[in-house]
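Please have the sequence and the model open as you read.

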Amino acid sequence: MSDTQLCHCATGACGIITRVDGDSHITARLREMGVLPGQWVRMIKPGNPVIFQIGDSRLCVRANQLKGVSVNTFPDISHERLSRLELAFAAEPAGVERAD
């Protein structure tokens with residue numbers, strides 16, 4: 001697991017958003033669209049523009065607008081496994097810490 005900027009992730013990379021830095025209107029708009037810490041994300045197409053997926057939504061934005069978005073990536077995770085992990089995290093009650 002490694003921490004990197006979302007705009008630098010490779011095609012197919014999956015991870016969890018760890019930070020969304022910035023106070024611009026663009027950063028606020030990203031947050032409104034669901035780009036929030038704790039969300040699972042998958043890179044569909046790096047470059048410019050960047051296409052990435054959060055849940056069932058695919059978002060397309062300019063690479064420079066994602067400079068403040070950091071993720072912990074899991075390079076060897078498949079899309080199917082990611083879906084199972086998302087379901088497992090969604091099923092956990094709020095306020096309950098996981099034993100890793």
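The notes below cover a nonpolar core, the strand pairing and one glutamine in this predicted model.

## The nonpolar core

Let's begin with the largest nonpolar core, which has 19 residues. Leu6, Ile17, Val35, Phe52, Leu66 and Val69 are the members with the most contacts inside it. Five strands each supply at least two residues of this core: β2 (14–20), β3 (40–45), β4, β5 (57–61) and β6 (69–74). Of these, β4 gives the most, with three residues.

Leaving aside residues up to four places away in sequence, valine 35 touches Ile17, Val20, Leu30, Phe52, Ile54, Leu59 and Val69. As background, nonpolar side chains in soluble globular proteins tend to be buried together.

## Strand pairing around β2

Which strands pair with β2? One is β3, which runs antiparallel to β2 and is joined to it by three bridges. Here isoleucine 16 has tryptophan 40 in β3 as its bridge partner.

The other pairing to look at is with β6, again in the antiparallel sense, over six bridges. Threonine 73 in β6 stands opposite glycine 15.

## Glutamine 53 in β4

Now back to β4, which spans residues 50–54 and includes glutamine 53. Is glutamine 53 buried or exposed? Its relative accessible area is 11%, so glutamine 53 is buried, the cut-off being under 20%.

Where does this side chain reach? The side chain of glutamine 53 comes to 2.8 Å from the backbone oxygen of glycine 55. The glutamine 53 side chain also makes a polar contact with the side chain of arginine 58, at 3.5 Å.

Technical notes:
Residues numbered from 1 in each chain as written. Predicted model: local features only at pLDDT ≥ 70, side-chain atom pairs only at ≥ 80, totals over all residues. Heavy atoms only, no water. Helix = DSSP H or I, 4+ residues; strand = E, 2+ residues; numbered from the N terminus. Buried < 20%, exposed > 50% of the residue type's maximum accessible area, 1.4 Å probe, protein only. Polar contact = N/O pair within 3.5 Å; in protein donor to acceptor, adjacent residues only side chain to side chain. Core = buried A, V, L, I, M, F, W, Y, C linked by side-chain atoms within 4.5 Å. Contact = heavy atoms within 4.5 Å. Pairing = 2+ DSSP bridges.
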